[in-house]
Structures are given as C-alpha cells and as structure tokens.
Amino acid sequence: MTDTRFLLRNGYVVDTESAPVALPGTDVLIEGDRIIEVGPGLSADGATVIDATDRIVLPGFVDTHRHLWQTALRAGAPDLNLGAYMSVVLGQYGPRFRPQDVHAATLVGALEALDSGITTLIDYSHALHTPEHADAAVDALHAAGLRTVFGYGFPAHGAQNPEDVRRIRNERLYDDQALVTMALAPLGPSFSPIETVSADWNLARDLGLPLTIHVSSGPVAARPITTLREHGLLRADTLYVHGNSLDDDELKLIAESGGTASVTPATEAQMRVGAPLADRLRRAGVTVGLGVDAVSSLPGDMFSLMRAALLASQIADTTPLTVGDVLKMATLDGATALGLADRIGSLRPGKQADVIMLRLDDLNMLTAERDPIAAVVTAAQPHNVDTVLVAGQVVKADGRILYGDTAQAVRALRATAAVVNDH
Ligand SMILES: [Zn+2]
C-alpha cells in the first residue's frame, strides 16, 4: 500500500527555520505523515493536488500553555486578577467538573484550537479529581485529532494522585512518538513545599516525563528557580510558564539548565501579573513559546495571541519583537519549548506534515501578499484558516473542520456549562 500523497501547489510558503521567510509560487509535497519536498514546480506524480493559489502555507501553530477544561467557562472571568482567578476559577469552578465535563470541555477546546490553525498544544489539565477525570481528558485529546501533550496536572485545591500518573503513563501514554504524548504538570516550587516538589520531580524522572510548571515569585518560594537549583532539581526538560516577577539571574539559570519558557502575554496582561517578559527571556538565552492559557478570560486562537505579544513588546521593550520573531515563537520556538522541534514547527523535509493554509482572498487579507509574514501576525484571523493538516491527515478543508459529530460535542459542552455554572 502506498502512502497518501498531497501536493500543496503554488502557495506563499512561509518556512520558519532558521528564521521566518516567505517563498512565493512554492509547492509542498507530503507523503504519509511527512513533508518530503518544498520548492517551485514540483511534480504531482500521483499526489492529490490542493490548489494553494492565494493562500499562505505555513507550519501549524504551537500553543505552549492552555487549560482546555476551562472551555466550559467561556467569558466567565474577564475581570479577575490572578488571585481572584485562583480562588474562583480553580477553587470554585474546578471542583464542580465531573469526568464528562472535563471530556466535553477538552474536546471542544481542542477542536476550537484546530479550527483556528493550532495543530499542537499542551493541555495543562488541572481539574483531574479522580482517575476517571484523567481518562476523560485523554479520551478527548485522542478524539480531537490534533497533536497534543497531556500535562497531567494536580488540582490546586484537591488531592494529588501520583499512582494515577503512573497508570496513565504506563497504560495509555507510553509512546513518546504518538500524536498524544504526556508531561507532568505539578504545582512546582512557587506553590508547593519543597518536599512535594522533590517527590513530583522524582515521579517525573521515574516515568521519563518532561515537566511543565507555573512559576512566579512566591507565595511559597520567592526565588523558585534558585530553590530548584539548591535542591538539585533543575532539569533540561522543563517548560516554565509565566515568571514575570522573576529576577534576571533566575532567567539565566533557566537558560543554563536547558529549560524552556512559555509566555502568555494576553492572560499575563489581563490577570496583571507583571510586565511582559518574552524579551527578557530571549536576552537571557531561553527559547520562548506562546501560550493561550486561560480561555475562561481570553480568546483561544494564535492570531490574537501573536498580536498581544507584539503589542506588549512594542509598549514594554526598548527593541520590540519583530513580526518574524513573533511568528517563530508561535511555531518553531513553541515546538522547541515542548521538546518537539525534531518533529514539527517548520516546513522541512522529514518533519511531520502539520501544515495550515490561510486565505489571501478574504476581505481582511486583500493585498497582504506583499509581506506574508506580517500578514499572518498583524492581519489574519481564525476565519482565514482554510485548510489544516495534522500528520498528513486533512482535518480542515474549505474552511470546514472535518471532525465527525461536532453537533454532539457542542451539545455535551452546553450540558456541562449548565452544570458547572449552576450554583
Ligand atoms: Zn496556566
């Protein structure tokens, strides 16, 4: 049996390696789950041709921090700062979620991401109150059909269950090359005592899992990265989220350890946790990806997030990020932050065919082909996402997502919203 081949013909191809560059009149040839060739005038040779005329073709976006379960709480926390968010969203709403609620919200949130061109995300899933909750989240990620890292999170208000982390790792997410892989998302040194941190880090090491954690100065450790170093817990495969209040020498420690960072400029502004830090992290030598974060307060697409990153930098930084910097953060740097850069993040032969096409003939994109990179970062919107492929599978075509029973997924989310909001 031969693998399915697709030829995306005659697009404005935006590659991101080593820095974003736009190539007009270029084709992308895909075979099976991989990109095999990029260039002008490629032979179709049995491939199904997808016309990319008037389309920007680029690697799918990578979201490095998101709480999919909060998809059931849309527009539910627009005015809450971080402290209020933690007590209301995590402390009051989170415990109301039953396994079916985690499933419904995770599934629709993942489909929403896919629909807007995000082909990879890490789900920092921290409403997992029982093993059934964890199974529901993993089931939903498998059903959605995008590339995901399931970040097994411990609820901020509730019991921790390391045995269930072992079960999910050993019985369900043991294949690190699969479409759905796993990370541990514990509370970390900013929010839990060092004995707990040490046990969590040992658990991750035992199971061969990368770590992702929220970090800030306090309330438990004022200098959390230093605390990790003092206890021999600084590890390369750690993705640090936020950190706006950290000193520059702590950012340097992250760089030296080989760790990576996720900034979420929209929620960081909305929750008022401090000045934007993408530029500080980059100057410290840390690879930085972008994260949507709390969809209870903010939109879930990468376009508004790239705009937030760009505008925040233009306000805060002496030398603001360029549109190329921001697009790279949304793609290749995000892939690096998740430890997946060998697989995704650019349109290089051998990489997984996670590819999206944006319409240049929509009203908001007319004449934007003069600079396809600026077009993606400053002008594009989710409705411009015409085609999405994940691992060589077409999951959105002609502007329509191809997931099976969307109506059922929508009904389930509405039923969940009715339950979790009814108090
Ligand atoms: Zn978060």
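1. Let's start with a loop: Thr367 sits between strand 14 (355-359) and helix 13 (372-379). Helices here are DSSP runs of H or I with at least four residues, strands are E runs of at least two, and both are numbered from the N terminus. Thr367 has a positive phi near 75°, and this is a residue other than glycine. Thr367 counts as exposed, because it has 8 C-beta neighbours inside 10 Å. (Exposed is 12 or fewer other C-beta atoms within 10 Å, buried is 20 or more, partly exposed is in between, with C-beta atoms placed from the backbone.)

2. Before going on, keep in mind that this is a predicted model: local features need pLDDT of at least 70, side-chain atom pairs count only at pLDDT 80 or more, and totals for chains, interfaces and linings use all residues. Residue numbers run from 1 along each chain as its sequence is written.

3. Ala391 is another non-glycine with a positive phi, about 50°. Look for Ala391 in the loop between strand 15 (385-390) and strand 16 (393-397). Ala391 has 19 C-beta neighbours inside 10 Å, so it counts as partly exposed.

4. Check the peptide bond between Glu17 and Ser18 too: it is cis, with omega about 0°. Ser18 belongs to the loop between strand 1 (5-15) and strand 2 (21-31).

5. Now the domains. The protein splits into domain 1 (5-58 + 351-401) and domain 2 (61-337), with bounds that come from an automatic or database domain assignment. Their C-alpha centres are 28 Å apart. Domain 1 puts 21 residues into the contact and domain 2 puts in 22; contact means C-beta atoms, placed from the backbone, within 7 Å. On the domain 1 side, helix 13, strand 15 and strand 16 are the elements giving two or more residues, and helix 13 gives the most, with five.

6. Then there's the largest nonpolar core, with 137 residues. Such a core is a set of buried Ala, Val, Leu, Ile, Met, Phe, Trp, Tyr and Cys residues joined through C-beta atoms within 7 Å. Helix 2 (residues 99-115) gives the most to this core, nine residues. The core lies between domain 1 and domain 2, because both give residues to it. Among the residues with the most contacts inside the core is Ala309. Leaving aside neighbours within four places in sequence, Ala309 is in contact with Pro265, Ala278, Leu290, Leu321, Val326 and Met329.

Technical notes. Two residues are in contact if their C-beta atoms, placed from the backbone, lie within 7 Å.
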